[in-house]
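Dear colleague,

Please find the structure below, together with its sequence. My notes on it follow.

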Amino acid sequence: MKSNNMIKQNNGQVMILSVMLLGGVLLSASAVAGLLTLYQIKSANDAVNSAKALYAADAGVESASWAYFKGDIGNIPVPVFNDTSVSVVIQSSLAPTSINITSKGFAAGNKVIRILETIFENVSP
C-alpha cells in the first residue's frame, strides 16, 4: 500500500516539470523571433540611409559636372537637402587633359558614406 501512495504523490511533479520545460522552449523561440525581427528592422533602416547617401553623392557629381560644363569649376554650388542628416562634400582636380570629380554623400549623422567619382577627359579630334 505504501508504494501506491508514493506513486500518486509523485504524479503532479512530472506535470509541473513538463509545463516548465514547455514554457522555457516557447520563451526561447519568442526571444529568437524577436531578435530576428529587430535585425530586419535595422537592415531596412540601413538601406534607406544608404540610398540617401548615394543620392546625395549623385547630386554632388551633377552639381560639379554642371559647373564644369558651364565653365566655372571654381564655383561649385553645394546641393541643399531637406533632411538635416544628409550632406555632401565635393572635390575636383583639374589635369591638363581631364577633370576628376569626387563626391561623398553622408547620411544618418555621417554614419553612412557613399562615394561617387567621375572623370571627364578631353579628347582631341
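I begin with T102, which lies in strand β2; strands (E, at least two residues) and helices (H or I, at least four residues) are DSSP runs, numbered from the N terminus. This is a predicted model, in which local features need pLDDT of at least 70 and side-chain atom pairs count only at pLDDT 80 or more, while totals for chains, interfaces and linings use all residues. Residues are numbered from 1 along each chain as its sequence is written, and side-chain values use heavy atoms, with hydrogens and water left out.

T102 counts as buried because its relative accessibility is 17%. Here buried means under 20% relative accessible area, exposed over 50%, and partly exposed in between, with a 1.4 Å probe and protein chains only. Setting aside residues up to four places away in sequence, T102 touches V89, I90, Q91, I115, L116 and E117; contact means heavy atoms within 4.5 Å.

One of these residues, V89, belongs to strand β1. V89 is partly exposed, with a relative accessible area of 37%. Again not counting residues up to four places away in sequence, V89 touches T102, S103, K104 and F106. The C-alpha atoms of V89 and V61 are 9.8 Å apart, and the two are 28 residues apart in sequence.

The strands form an open sheet of three, in the order β1-β2-β3, with antiparallel pairing; two strands pair if DSSP finds at least two bridges between them. β1 (87-94) and β3 (112-121) stand at the edges with a single partner strand each, so one side of each has no neighbour in the sheet. From one strand to the next, the twist averages 15°, where axes are lines fitted to C-alpha atoms (for helices over the stretch in contact) and angles run from 0 to 180 degrees between N-to-C directions.

A hairpin joins β1 to β2 through three residues, and these two strands pair over eight bridges. Within that pairing, S103 in β2 is the bridge partner of I90. Strand β2 (residues 98-107) pairs with β3 over 10 bridges, and F106 has I113 in β3 as its bridge partner.

The largest nonpolar core has eight residues: A64, A67, I73, I76, V88, I90, I99 and I101. Such a core is a set of buried Ala, Val, Leu, Ile, Met, Phe, Trp, Tyr and Cys residues joined through side-chain atoms within 4.5 Å. α1 (2-70), β1 and β2 each give two or more residues to this core. Beyond its neighbours within four places in sequence, I101 is in contact with residues including V61, A64, I90 and L116.

Yours sincerely
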